[in-house]
Amino acid sequence: MNFKNIKLGETSISSLNDLKPYLKGEFQGRKKEKFMAIGLNGELKITMAENLTEISEKTRAYVDLDKLFKRLKETKSLGLVVSHNHPNGMPVPSDFDIQITRDIIKLAEKKDLVFIDHILYVQFKDNQSFWWSIKNNLK
């Protein structure tokens, strides 16, 4: 299962756990970081599910935040979840991850959007996976 299985405007979520199978499908086995964005409407139906990675490296994925918020506006999204992977197996967010999360939170507030979370996905060599809420662990 991955983002191609999502029916925009129809697929809904009741919790972040509902997104995990889609995100795992996008991230599993990747050698470089990938940055995904999910827009939601007021009924928690998915209005946008896109790879917004501009440049991908093994330890960093660059994303254009102007493009992100433009797509959210175009899709009439009211809420936002972002996620990326750490193919290097590092189970904690980098300083860059924390900073981009803070930047997204500030921009979402300015645009009256609800920032729900930034989820970090890590797959270990034994194929076990780990999920980390960056928003919930900001200091």
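Visitor: What is Thr101 in contact with, leaving aside its neighbours within four places in sequence?
Guide: Thr101 is in contact with Phe115, His118, Ile134, Lys135 and Leu138, leaving aside its neighbours within four places in sequence. Contact means heavy atoms within 4.5 Å.

Visitor: Where do these numbers come from?
Guide: The model is predicted; local features need pLDDT of at least 70, side-chain atom pairs count only at pLDDT 80 or more, and totals for chains, interfaces and linings use all residues. Residues are numbered from 1 along each chain as its sequence is written, and side-chain values use heavy atoms, with hydrogens and water left out.

Visitor: Back to Thr101. Is it buried or exposed?
Guide: Thr101 is buried, with a relative accessible area of 0%. Buried means under 20% relative accessible area, exposed means over 50%, and partly exposed lies in between (1.4 Å probe, protein chains only).

Visitor: Which helix is Thr101 in?
Guide: Thr101 sits in helix α3. Helices (H or I, at least four residues) and strands (E, at least two) are DSSP runs, numbered from the N terminus.

Visitor: How far apart are the C-alpha atoms of Thr101 and Leu138?
Guide: They are separated by 8.9 Å, and the two residues are 37 apart along the chain.

Visitor: Which other residues of α3 are buried?
Guide: Besides Thr101, the buried residues of α3 are Asp97, Ile100, Ile104, Ile105 and Ala108. Seen down the axis of α3, its buried residues fall within an arc of 145°, so they line one face of the helix. The arc is that of the directions from the helix axis to the C-beta atoms.

Visitor: And which are exposed on the other side of α3?
Guide: Asp95, Lys106, Glu109 and Lys110 are exposed there.

Visitor: What covers the buried residues of α3?
Guide: The cover includes β1 (35-40), β4 (61-63), α2 (65-74), β5 (79-86) and β6 (114-123).

Visitor: What span should α3 have?
Guide: At 1.5 Å a residue, the 16 residues of α3 should span 22 Å. The end C-alpha atoms of α3 are 23 Å apart, which agrees. The expected span is 1.5 Å times one less than the number of residues in the helix.

Visitor: Leu113, buried or exposed?
Guide: Leu113 is buried, with a relative accessible area of 15%. Leu113 touches Phe69, Leu72, Ser77, Leu78 and Ala108, not counting residues up to four places away in sequence. The C-alpha atoms of Leu113 and Ser77 are separated by 7.8 Å, though the residues are 36 apart along the chain.

Visitor: Now α2. Which of its residues are buried?
Guide: Leu65, Leu68, Phe69 and Leu72 are the buried residues of α2. Seen down the axis of α2, they fall within an arc of 90°, so they line one face of the helix. On the other side of α2, Asp66 and Lys70 are exposed.

Visitor: What covers the buried residues of α2?
Guide: The cover includes β1, β2 (46-51), β4, β5 and α3.

Visitor: New topic. How many cavities are there of 30 Å³ or more?
Guide: The count comes to 1 cavity of 30 Å³ or more. On a 1 Å grid over the protein atoms alone, a cavity is a set of points where a 1.4 Å probe fits but cannot get out; a pocket is an open set with protein on both sides within 12 Å along at least five of seven lines; lining residues have an atom within 4 Å of a point.

Visitor: What volume does the largest cavity have?
Guide: The largest cavity has a volume of about 40 Å³. Grid points are joined across faces, edges and corners, and a volume is the space filled by probe spheres set on the points.

Visitor: Which residues line the largest cavity?
Guide: Glu33, Phe35, Ala61, His84, Phe96, Asp97, Ile100 and His118 line the largest cavity. Helix α3 (residues 95-110) gives the most to this lining, with 3 residues.

Visitor: And the largest pocket, what is its volume?
Guide: The largest pocket has a volume of about 310 Å³. The largest pocket is lined by 16 residues, of which Arg30, Lys31, Pro87, Asn88 and Gln123 lie nearest its centre. The elements that give two or more residues to this lining are β5 and β6.
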